[in-house]
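Reader: I am new to this structure and would like to learn how to read it, one feature after another. Could you give me the general idea each time and then show me the case at hand?

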Amino acid sequence: MYLHIFSLFRKFSRPFGNAAYERVKLARVLSVQHRCKAVAAYETNGKKESLGEADPAIATLDLNFTDHQNAFKTKTTWELCRALLVLRLCSFDRLVDNSLQLFRLGQKVLGERPFRALVKPIFYDQFVAGDDHRSIGQTVSIMQKAGLTPLLAVCIEDGPTGEVGYDANLTTILDCIQMASELSKGRPMIQLKVTALMPAELLITLSKMYTYGGISIEQVAEAMYTPSLLYEVEGLPEAEIRQWCRGLERLREAGEFAQRKGVYILVDAEYTHMNPGISLAALAMMLNFNKDIPLIWNTYQCYLKEAYNAITADYATIMDKGLCFGAKIVRGAYINCEEEYAKRQGVPNPVCDSYKDTSSSYNRVVETMLHNISHCGEKCNIIVASHNEESVRKAIQGMEKLGIARDSGLVYFGQLLGMCDQVSYPLGQAGYQIYKSLPYGTVEETLPYLSRRAQENKSVLMGARKERSLLQRELRRRFLRF
Ligand SMILES: Cc1cc2nc3c(=O)[nH]c(=O)nc-3n(C[C@H](O)[C@H](O)[C@H](O)COP(=O)(O)OP(=O)(O)OC[C@H]3O[C@@H](n4cnc5c(N)ncnc54)[C@H](O)[C@@H]3O)c2cc1C
């Protein structure tokens, strides 16, 4: 049924989208004038809470995120239909659990071009920004008009093998930094996967060494400029030291280029067994590049029981040195793999025991970091990277309480392209600093990412259900005018 609606709506999408846009524009002007004098109030845990006398922008922000007309005003009708179709498909467990295998099978059976023709307009366009400068530029330009800033991410899911692959990835990452500096109207930021630049096995070894005190961030920071120092580190065979030297050299090149271009690097968190090695690299980069501004940020996955201790320890380490600290705060995307890995290794599962515990951990980490920001100001920045409305509401409430202005450049919000537009767009319109993570690459390169997005939409069940309902209401409004 959806496929039928899909072809029908696509044909007519532009005119409907534009007409709706004009109507909404007029309605918004009137509603802003009316609501400026209001006192902002919203519900948290069933309790009405007051934010005090509202300023014009916050009065227009619906913290229940139910204003579909406003949230989707820049979306064409085709885009709404596509989002609805994709979210619906993501709700079928068996489809999602086998999505990567199904993609691969489709590629084999249909052949490269027909498969691309099928996947591109649906899944790919929903979650991926494009595969060349022109298409990425177009996505960015539409987004920026709506008050959102791009967070570019090279789509590298399966680590490459061999130094040639890592060198090629470095070239792609430098290109990503260049593109971010050219395209972003706000502060340019990119996401960086350390496993794109050095072997995962090496990071696993380094994780163990770092955890047991066999290597320090100071040593690694120095070795980025003087690689020979690594030969003094005990416990690593020469072949791995060579890999490490090259890996650090690539990180240094990325850091130096980002510094020249004024582009902030947000280092992604990955699997627990390699995360300490990734943090070691990220913190060493902070030592080298975060003297005046938090150019390098690390990511903290709050589904991990250790998240609070990890971020508070790293924050203290960096602040004690008089440097700047940046943190991307997420719930975590590898929950299934973590459970399986822990079982295989016969170790306790590092992930919180329940979704509720993960959420408490997330909100606690954000609250603590907001307090830190209120003390140290611009030396610390965070991005609340979540689609969870409750967490976003709590962060906004915390900012209000601590007097952190929404446009201070200290606290950012982040969501993934193609997810939770009902949260991103109203926040952007209300003057919060919102980033949409924009992965890019060819259809082939992005298949593992698309499969992970499908998995995630399954786990973001409540959010996706609400988004589907809002999309349906907006489509009803556009077609049936109620
Ligand atoms: C800009 C941006 C950057 C990101 N970067 C990274 C990154 O570097 N590394 C990374 O791992 N992820 C990253 N993510 C993904 C993120 O970790 C989450 O997977 C995703 O955003 C869903 O969580 P949520 O807070 O949006 O929403 P919610 O829907 O509220 O939460 C879903 C999440 O809760 C957790 N969860 C679900 N069920 C349980 C359970 N039974 N027990 C315990 N926990 C549970 C899982 O983490 C699940 O993904 C990023 C997300 C964004 C928006």
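Author: Let us begin with the naming of elements: helices (H or I, at least four residues) and strands (E, at least two) are DSSP runs, numbered from the N terminus. Residues are numbered from 1 along each chain as its sequence is written. This is a predicted model, in which local features need pLDDT of at least 70 and side-chain atom pairs count only at pLDDT 80 or more, while totals for chains, interfaces and linings use all residues.

Reader: Which residue takes a positive phi just after α16?

Author: Gly 377 does, with a phi of about 65°. As for α16 itself (355-376), its 22 residues at 1.5 Å a residue should span 32 Å, and the end C-alpha atoms agree with this, being 31 Å apart; the expected span is 1.5 Å times one less than the number of residues.

Reader: Which residues of α16 are buried?

Author: A residue is buried if 20 or more other C-beta atoms lie within 10 Å of its own, exposed if 12 or fewer, and partly exposed in between, with C-beta atoms placed from the backbone. An α-helix has 3.6 residues a turn, so residues three or four places apart point the same way. In α16 the buried residues include Thr 358, Tyr 362, Val 365, Val 366, Met 369 and Ile 373, and the elements that cover the buried residues of this helix include β6, α14 (307-320), β7, β8 (380-385), α17 (389-402) and β9.

Reader: How should I read a strand such as β5, and what are its partners?

Author: In a regular strand the side chains alternate between the two faces of the sheet. In β5 (residues 264-267), Tyr 264 and Leu 266 are buried on one side, and Ile 265 and Val 267 are buried on the other. Two strands pair if DSSP finds at least two bridges between them. Strand β4 (residues 189-192) runs parallel to β5 and is joined to it by four bridges, with Ile 190 opposite Ile 265; β6 pairs with β5, also in the parallel sense, over two bridges, and there Ile 296 is the bridge partner of Ile 265.

Reader: Which residues touch the most other members of the largest nonpolar core?

Author: Such a core is a set of buried Ala, Val, Leu, Ile, Met, Phe, Trp, Tyr and Cys residues joined through C-beta atoms within 7 Å. The largest one has 135 residues, and Ile 190, Val 220, Ile 265, Ile 329 and Val 384 touch the most other members. Helix α13 (residues 275-289) gives the most to this core, with nine residues.

Reader: Where does Ala 327 lie, and is it buried or exposed?

Author: Ala 327 belongs to strand β7, and it is buried, because 26 other C-beta atoms lie within 10 Å. Two residues are in contact if their C-beta atoms, placed from the backbone, lie within 7 Å; leaving aside neighbours within four places in sequence, the contacts of Ala 327 include Trp 297, Tyr 300, Met 369 and Ile 382.

Reader: How many residues surround the ligand, and which are the closest?

Author: A residue is near a molecule if its C-beta atom, placed from the backbone, lies within 6 Å of it. There are 30 residues around the ligand, the closest being Asp 268, Val 330, Ser 386, Asn 388 and Gly 414. Strand β9 gives the most to this shell, with three residues.
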